[in-house]
Amino acid sequence: MSPTVVYFGNTPLLGYYTLFRDETKLDINYIPSRLLHRLTELNLLSQFFSFILRFPGKMSQRVLIAGRVGTGKTVLAQFFGLQLLREARRRNINLHYVHANCREYRGNMSYILQKILHHFYPNFPVRGYSLEELLQTLMQVLDDENTHVILALDELEYLIQKAGSDPVYQLTRLQESRSPHSPHRLSLICILRRLETLEKLDESTRSTLQHNIIVLDEYSKQQLEDILNDRVELAFKPNTVPSDTISLVAELAEAERGNARYAIELLWRAGKYADANQLNLVTPECVRMAAASIYPNIRKSDIVSLSLHERLFLLGIAKAFNQTGKAFLSTGEAEEAYKVVCEELDEKPRRHTKLWEYLQKLAVMGILKTRKAQVKTKGRTTLISLPWIPAEMLEKELYKSLNEETAG
Ligand code: ADP
Ligand code: MG
């Protein structure tokens, strides 16, 4: 009898073996060379901005892009920005596209304006200017440079949540404060998840923003498969990701409301499982393993971006859900739980009004949900729920991030 040779695929398992060709193609910040299934929206954007290329300085534009997580809002704006820059260069038009994520700037408009100023003058001093002064300086700089900036304000809800109407109002009114025939220098692309967030803005700001709205629908399973296929080709070695696997990823992501971000992250993680187990294919089982370890609504980076006391507050809430087994917590119960956590970790608790701010922020981030309710004895109150992540999992993640912080 001849000896049985067991092959792990047809690749000898020597040294470090990986199925990836280039992981960066699955990075959330990667801008693909083609944008699938968003041609209509891309054309619409081009139309909205076409006169800026034809008649530079004569007008400015405001466009709103809305859609759920992972519907391609960010990538649509960035892709369009690149395309517009290329076209402007071809026509010798001086134009800049600046993409600013309001979450990364902690909802602070001054930081965002400084980013644009640094784009032109890297040595521009960082501190000491009010929002009004920064805006005036910016306009002066754009006049000096004789240029037009298209500013994309991504995750606008963070700006609105932090500062209300004011910064957006000032941006949309810039031209009115200038002398009548001065050129238009600044256009806006505002990006947010839910149009309802705009209700927090004052009437006139809202109406100036609402003229040109592009709403991105959830991707279908087939559309997600197309997007995934493109990425598989770039990110993995040939014939390592079977179509079954792609189909399963697309199906899971469709169930998460057509979330392409989840689809791509799932694919990446499935690849990691395959590598860890030294497989020569990314099998559907790898996808199932990956799916068990990601919560589509909550990114780890979200938790990392929280301040210490925001994390402690969230930890209190997670622990309270864990211990009580309840579906809803009142704000009073959350506050109590937070105080216990502070005591446990030897931190001085923040005041009630701060906690209210934290709660709003966590709700905007989609980590928890709040709802007003009538309670018999106490009148109206706010109830907190945690519909998207197991409390136990959240508690663990928070402890981990707190430990990493104190260790590092
Ligand atoms: P959103 O900003 O709406 O949450 P993103 O723009 O971040 O969504 O998209 C999520 C991920 O899916 C990104 O990696 C992005 O490159 C990818 N993606 C989304 N839509 C498309 C598309 N139409 N074609 C190619 N890749 C896409
Ligand atoms: Mg985005």
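Which residues of helix 8 are buried? They are L224, E225, I227, L228, R231, V232 and A235, where buried means under 20% relative accessible area, exposed over 50%, and partly exposed in between (1.4 Å probe, protein chains only). They cover an arc of only 165° around the axis, which puts them on the same side of helix 8; the arc is that of the directions from the helix axis to the C-beta atoms.

Before going on, some ground rules. This is a predicted model, in which local features need pLDDT of at least 70 and side-chain atom pairs count only at pLDDT 80 or more, while totals for chains, interfaces and linings use all residues. Residues are numbered from 1 along each chain as its sequence is written, chains are lettered from A and ligands numbered from 1 in the order in which they are written, and side-chain values use heavy atoms, with hydrogens and water left out.

**Stop 1: helix 8**

Select residues 221-235, the 15 residues of helix 8. Helices (H or I, at least four residues) and strands (E, at least two) are DSSP runs, numbered from the N terminus. At 1.5 Å a residue, helix 8 should span 21 Å, and its end C-alpha atoms are 20 Å apart, which agrees. The expected span is 1.5 Å times one less than the number of residues.

Contact here means heavy atoms within 4.5 Å.

**Stop 2: ligand 1**

- K73: an N or O atom of the side chain is 2.7 Å from an oxygen atom of ligand 1.
- T74: a polar side-chain atom is 2.8 Å from an oxygen atom of ligand 1.
- V75: here a backbone N or O atom lies 2.8 Å from an oxygen atom of ligand 1.

On its own, ligand 1 has 550 Å² of accessible area, and the protein covers 97% of that. Accessible areas come from the Shrake-Rupley method with a 1.4 Å probe; for residues, only the protein chains shown count as cover.

**Stop 3**

L82 counts as partly exposed, at 40% relative accessibility.

**Stop 4**

Is S110 buried or exposed? With a relative accessible area of 18%, S110 is buried. S110 lies in helix 3 (residues 109-120). Neighbours within four places in sequence aside, S110 is in contact with L131 and L134.

Go on to E310 in helix 13 (residues 308-324). E310 is buried, with a relative accessible area of 9%. A polar atom of the E310 side chain lies 2.7 Å from the backbone nitrogen of S307. Beyond four places in sequence, E310 is in contact with Y358 and K361.

**Stop 5: two loop residues**

Pick R106, in the loop between strand 2 (95-101) and helix 3. Its phi is near 50°, a positive value in a residue other than glycine. Q278 also has a positive phi, of about 50°, and is not a glycine. Q278 sits in the loop between helix 10 and helix 11 (284-291).

**Last view: the whole chain**

Zoom out. The protein chain has 16 helices and 8 strands, and its C-alpha trace spans about 95 × 65 × 40 Å along its principal axes. Of its 408 residues, 48% are buried.

Notes
Polar contact = N/O pair within 3.5 Å; in protein donor to acceptor, adjacent residues only side chain to side chain.
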